[in-house]
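Here is a short briefing on one protein model.

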Amino acid sequence: MAPSFDHLRDADVDEDDYDEDEIDISDLREKYEVQLDQGYDTFVVIDGLPEVNDEQKPKLVKFLLKKLNSVGRTSEDQVYMPMEKGKSLRFAFVEYASPAEAAAAVRQLDMVPLDKKHTLRVNKIADVDRYGREGRVDENYVPPKIEEFSEKEHLRSFLADPSGRGRDQFAMYRGDVVGVFWNNEKDTPENIVDRQHWTESFVQWSPLGTFMVSVHQQGVQLWGGASWSRQKRFAHPFVNMLDFSPSEKYIVTWSNRPISIPEEGHPQLSIDEDGKNYVIWDVETAKPLRSFANLDTPSSGDAHAPAAKQQPKFPWPAFKWSSDDKYVARMTQGSSISVYELPRMGLLDKTTIKVEGVMDFEWAPSTPQREGVKQYEQLFCFWTPEIGSNPAKVGLMSIPSKQIVRSLNLFSVTDAKLHWQSDATYLSVKVDRHSKSKKSQATTLEIFRVKEKGVPVEVVDTIKDTVINFAWEPKGDRFVIITTPEPTGPTAVAPKTSVAFFCPEKAKGSAVGNFKHLRTLEKKNSNAIYWSPRGRFVVVATVANQQSSDLEFYDLDFEGEKPESDRDLTANLQLMNTADHYGMTDIQWDPSGRFVASWASVWKHTMENGYHIYDFKGELLREEHIEKFRQWLWRPRPATLLSKDEQKQIRKNLREYSKVFEQEDAERGASADLAVVEARRRLLDEWLAWRESVDAELEDERLMQGLPAQPAVAEAKLPENGEEQVIEELVEEVLEESEEIVP
């Protein structure tokens with residue numbers, strides 16, 4: 001019979017026979033112990049509520065739930081509003097379904113107006129406990145210590161060139177040293193600052209040139225001011241890439257490693273950022289606004305699928321900014337575009353924009369002033385491929401109204417690229433089309449005239465080959481393309497290319513005529529187009545090519561004689577100069593449009609690393625070979641503060657200003673020559689003075705030793721009788737010797 005409690009004797013349970021502490025029941029405790037949830041991560045505290053009585057309380061809770069449920073899931077039973085003497089205490093506890101929803105409530109509902117008189121303050125209960133725990137808050141009020149005012153450095157002091165010449169700055173990263181310099185054209189650049197190990201990865205300027213960015217294992221740092229002190233720090237570990245908003249208000253950082261928040265916490269990031277790859281920051285406060293994880297990019301199983309279906313696994317930038325810094329958008333390839341309002345980072349209208357099959361989108365680079373539209377809104381364009389029997393489509397959407405301004409159906413589309421003109425006057429859609437047999441391919445350009453009424457579309461279909469590069473003229477209406485008759489892709493020898501120039505034909509008044517072909521230059525190796533930021537001048541180059549490294553400088557407003565065939569066109573093309581920079585990997589114009597820098601980076605190859613500087617006409621001003629040369633970056637400038645009328649007046653009187661500048665250049669050149677002569681004269685005087693001092697020292701030493709002061713000029717000794725003696729010495733010298741044999 002099995003033993004039972006009734007059959008046990010007292011001797012069988014004698015407490016002296018065993019010790020409870022010696023019995024190991026950890027496995028049983030681990031298996032059967034009830035795990036109580038001790039955390040409060042799903043709870044938030046809502047402050048700033050109005051005072052209500054028992055009758056008004058249900059109405060307030062229902063009204064509050066409309067806002068609470070906009071960021072997560074909760075119910076009336078999960079809202080506890082304490083009451084005292086029949087009146088509320090103006091706060092409430094709310095429980096959400098998950099910690100992520102509670103975190104979203106803190107992020108999106110804090111400082112949100114409840115009505116005209118009340119503003120919500122939302123905090124986590126865990127934070128209240130952490131910061132308000134007994135002993136952490138001093139019961140005696142201590143007034144805050146107000147630090148003395150210290151004037152900050154002017155972050156745009158670089159615009160005031162101390163030489164008065166309006167020079168631009170640039171950054172050079174060579175070896176382990178990063179330096180910032182003034183451009184001195186032909187002369188040695190004037191160094192402003194040089195620092196060892198300033199960055200661990202690369203450097204980058206902010207869009208308006210206010211900050212220089214250094215990238216480190218611990219995060220990103222912003223530097224600026226006359227002393228180049230650290231202005232901001234964003235502690236996102238292992239950052240790979242970053243991108244500023246156009247007005248430098250925000251920055252997004254990305255790391256291929258998901259963020260891992262340690263148990264002891266992080267100085268800037270919270271548990272909400274754990275596992276995320278992207279962080280969007282407010283530059284002014286250096287605080288994170290929101291974080292995101294990588295999206296899984298859908299891949300096509302067909303290796304021979306068209307380019308439109310073989311998008312890169314990691315598109316950059318993943319987050320794209322509107323021109324006014326009010327919105328940032330992210331695309332989920334093939335399904336939707338999410339537009340977030342800044343700075344709260346909430347979804348516009350709390351929903352994503354569903355666009356079936358969307359492959360790419362681009363914001364307009366400025367706010368377009370469209371004809372017939374009173375209130376200007378931001379625009380972005382997108383395109384979708386052919387899906388089943390539905391054609392491919394390009395669309396223009398207005399934000400925040402989400403209205404489709406214009407759409408265009410396309411057929412037989414292999415791929416499409418979206419190219420905005422800098423003023424958002426035009427949008428060019430480069431469409432690669434295939435034949436019915438899909439064996440051949442050609443390109444057409446669908447040009448949207450955005451500012452004209454109804455957004456008409458002009459088609460440029462005279463291109464027979466595939467376009468591999470396209471570039472609009474900044475602040476202009478001309479463009480350049482590079483085409484090739486051969487299929488694009490990696491090849492042992494780069495195929496021959498053609499460079500084609502297009503411009504509008506002349507029209508009456510301020511209207512812009514249709515786009516016409518200006519000129520085509522064939523049998524080239526060119527693969528890159530670089531317009532001057534001021535327009536008019538363009539560099540067509542061969543970059544990162546082992547066989548060729550040409551630069552060609554063109555002027556599209558040449559003031560010479562215009563060919564008869566171009567009389568009705570708005571351009572006069574002229575090749576100004578050609579150059580060659582072996583191993584060239586990058587090219588960049590300075591912000592003024594006066595100088596062009598080309599460089600060969602050690603990140604691409606190790607042969608003849610260094611840089612060249614050209615003027616806008618293509619004249620080589622300076623070249624320098626530097627071992628382990630990595631980067632060259634011109635410092636951007638903010639937009640001018642002059643009005644259009646003031647700029648027009650300056651252009652009108654430019655010849656008068658030019659005379660002054662030419663005189664200053666001549667004087668500077670003359671002063672430079674004079675400085676060289678004076679430096680040489682000073683060195684000569686120093687050398688002569690040194691010779692005199694050495695001669696004096698030697699003379700003193702000889703006199704002390706009883707030797708003649710001047711050994712080279714010894715005194716002639718006279719005979720005792722006082723008469724002079726003349727000693728003659730005859731020296732015979734054979735000048736020539738010949739031997740003749742007489743028969």
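A salt bridge here is a side-chain nitrogen of Lys or Arg within 4 Å of a carboxyl oxygen of Asp or Glu. The side chains of D349 and K402 meet that criterion, with N to O at 3.7 Å. The model is predicted: local features need pLDDT of at least 70, side-chain atom pairs count only at pLDDT 80 or more, and totals for chains, interfaces and linings use all residues. Residues are numbered from 1 along each chain as its sequence is written, and side-chain values use heavy atoms, with hydrogens and water left out.

**Fold and surface**
- The chain holds 6 helices and 43 strands (DSSP runs, numbered from the N terminus: helices are H or I with at least four residues, strands are E with at least two).
- Of its 743 residues, 38% are buried (under 20% relative accessible area; exposed is over 50%, partly exposed in between; 1.4 Å probe, protein chains only).
- Among contacts (heavy atoms within 4.5 Å) with a separation of 6 or more, 49% link residues 24 or more positions apart.

**Cavity**
- The whole structure has 1 cavity of 30 Å³ or more (points on a 1 Å grid over the protein atoms alone where a 1.4 Å probe fits but cannot get out; lining residues have an atom within 4 Å of a point).

**Salt bridges**
- The search of the whole structure gives 27 salt bridges.
- R174 pairs with D194, the closest N and O atoms being 3.1 Å apart. R174 lies in strand β7 and D194 in strand β9, so the pair ties together parts 20 residues apart in sequence.
- R174 is buried at 16% relative accessibility, while D194 is partly exposed at 37%.
- R536 and D555 form a salt bridge at 2.8 Å, N to O. R536 sits in the loop between β35 and β36 and D555 in strand β37, so this pair ties together parts 19 residues apart in sequence.
- R536 is partly exposed at 26%, whereas D555 is buried at 3%.
- E51, K87 and R90 belong to one network, joined by salt bridges that share partners.

Key
On a 1 Å grid over the protein atoms alone, a cavity is a set of points where a 1.4 Å probe fits but cannot get out, and a pocket is an open set with protein on both sides within 12 Å along at least five of seven lines; lining residues have an atom within 4 Å of a point. Grid points are joined across faces, edges and corners, and a volume is the space filled by probe spheres set on the points.
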